[in-house]
Amino acid sequence: VADLDGVVVVEFENDSPLPIAVAVTGRRLATSRPPSDMPPRGIDLPSEAIVLPVGHHSTVRVAVAMGGPDVHDPTTLAPHDAVARGWRRLTEQASRLNLPDERLADAVVEARCDLLLQGPLDATPDPAGFLLDVAELVRMGEDAEAWLPELIPVAEVLARSVDPDRSTAYAGLARVARAAGDLTALGDIERIRAGFSGHTVVEREPDSFASVQRGESVGRFASNIESLLVDGGVILPAGLPTTWLGVNFEVHGLPSGDRSALGFAVRWHGDRPAVLWDQRGMPVELSAPALDDSWLTTEVSGEVLWPAPRPPRTLSVSADDSSSFS
């Protein structure tokens, strides 16, 4: 936790019906209860170790100051679940994903936390990844106006490249300029974007994007995940993964246009998915050709019952990628 210039808190929970004891060593330790005066029997401990009794179904906390003043009462520091909720709320300012594959949703939260802590990639080797990272930071609440001057020279380099993520990166850059209220920069960005060729949607299973590796763009990773759910105004462009059939889920705050965001929920009625949607900002035309090629709407919100999903296809992504529809 950030209290007192940085404190590491370790909380031990005894979820058993029997009492236990925990031995801890280290300097500048503060504990939520006094150490025991009685050393445990049958185990050798370092001379500086302290022993903390932990009753059944109870907890004990140990705090270690990382450079600031000593901690006197660890119980005044935020508990771990509150810290986790706080980080999750920060990341969900960009979008909130409640998916059948919890690992996938958690991977997005974890990656965004890393981005908030470590900052964007170096722009020199990966200008598109840098722009996507900053756009993701702005979605999570960082100051768009402060970032914009640093983005423009990177965008000029990217405009002269053939990076496959160029169009996606410029879409993120346009959202940053709009958030900063810089209409001049936004106009320049839109003129450059107009000269790009359209991007191709690559149909992939969610497991293809199950994690982001260190040194890769978090913004690109999050954009790839979100494109499985919404691409422009197309909902679930590659259809529903077989493992998601029959499972309720919902997503919120996905970019569906330059000035719009979409949230939708899937609720199952037998083998047919009912979809509830809600658009924010400037509404766009919504469709779902992979699931119901007759459905189109520009309504801000509503509900529709789609037909039962067609039998899944078999789709090979590439020779070196084991992900496929099954």
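**Entry 1: H2 and H7**

I began with helix H2 (residues 102-118) and helix H7 (residues 218-229), whose axes come within 9 Å and cross at roughly 155°. I took axes as lines fitted to C-alpha atoms, for helices over the stretch in contact, with angles from 0 to 180 degrees between N-to-C directions. H2 and H7 are therefore roughly antiparallel to each other. For the angle classes I used under 35 degrees as roughly parallel, over 145 as roughly antiparallel, 65 to 115 as roughly perpendicular and the rest as oblique. The crossing of H2 past H7 is left-handed, a term for the near helix being turned anticlockwise from the far one by less than a right angle, with clockwise giving right-handed.

I then listed the residues that meet: Leu104, Ala107, Val108, Ala111, Arg112 and Leu115 from H2, and Val218, Phe221, Ala222, Ile225 and Glu226 from H7. Sorted by class, the contact of H2 with H7 has nine nonpolar, no polar and two charged residues. Here Ala, Val, Leu, Ile, Met, Phe, Trp, Tyr, Cys and Pro count as nonpolar, Asp, Glu, Lys and Arg as charged, and the others, Gly among them, as polar. Contact means heavy atoms within 4.5 Å.

**Entry 2: what I am looking at**

The model is predicted: local features need pLDDT of at least 70 and side-chain atom pairs count only at pLDDT 80 or more, while totals for chains, interfaces and linings use all residues. Residues are numbered from 1 along each chain as its sequence is written, and side-chain values use heavy atoms, with hydrogens and water left out.

I found seven helices and 16 strands in the chain; these are DSSP runs numbered from the N terminus, helices being H or I with at least four residues and strands E with at least two. Of the 326 residues in the chain, 40% are buried. Buried means under 20% relative accessible area, exposed over 50%, and partly exposed in between (1.4 Å probe, protein chains only). Among contacts in the chain with a separation of 6 or more, 60% are between residues 24 or more positions apart.

**Entry 3: H3 and H4**

The axes of H3 and H4 come within 10 Å and cross at roughly 160°. That makes H3 roughly antiparallel to H4. Their crossing is left-handed. From H3 the contact takes Pro127, Ala128, Phe130, Leu131, Val134, Leu137 and Val138, and from H4 Ala144, Trp147, Glu150, Leu151, Val154, Ala155 and Leu158. By class, the contact of H3 with H4 has 13 nonpolar, no polar and one charged residues.

**Entry 4: H4 and H5**

I moved on to H4 and H5, whose axes come within 10 Å and cross at roughly 150°. They are therefore roughly antiparallel to each other. H4 passes H5 in a left-handed crossing. Among the residues in this contact are Leu148, Leu151 and Ala155 of H4 and Tyr170, Leu173 and Ala177 of H5. By class, the contact of H4 with H5 has 13 nonpolar, no polar and three charged residues.

**Entry 5: H5 by itself**

H5 (residues 166-180) has 15 residues and reaches 21 Å from its first C-alpha to its last, close to the 21 Å expected at 1.5 Å a residue. The expected span is 1.5 Å times one less than the number of residues. The buried residues of H5 include Arg166, Tyr170, Leu173, Val176 and Ala180. I checked what the buried residues of H5 pack against: helix H3 (127-139), helix H4 (144-159) and helix H6 (183-194). Glycine 181 follows H5 and has a positive phi, near 75°.

**Entry 6: single residues**

Arginine 28 sits in the loop between strand S2 (20-24) and strand S3 (29-31). Its phi is near 60°, positive in a residue other than glycine. Arginine 28 is partly exposed, at a relative accessible area of 38%.

Histidine 57 is in the loop between strand S4 (50-54) and strand S5 (58-65). It is not a glycine, yet its phi is positive, about 55°. Histidine 57 is exposed, with a relative accessible area of 54%.

Aspartate 106 lies in helix H2 and is partly exposed, at 37% relative accessible area. Aspartate 106 and arginine 88 are 18 residues apart in sequence, and their C-alpha atoms are 9.4 Å apart.

Threonine 298 is in the loop between strand S13 (292-297) and strand S14 (301-305). It is exposed, with a relative accessible area of 51%. Leaving out residues up to four places away in sequence, threonine 298 touches Gln279, Pro283, Val284 and Glu285. The C-alpha atoms of threonine 298 and glycine 233, 65 residues apart along the chain, are separated by 9.6 Å.
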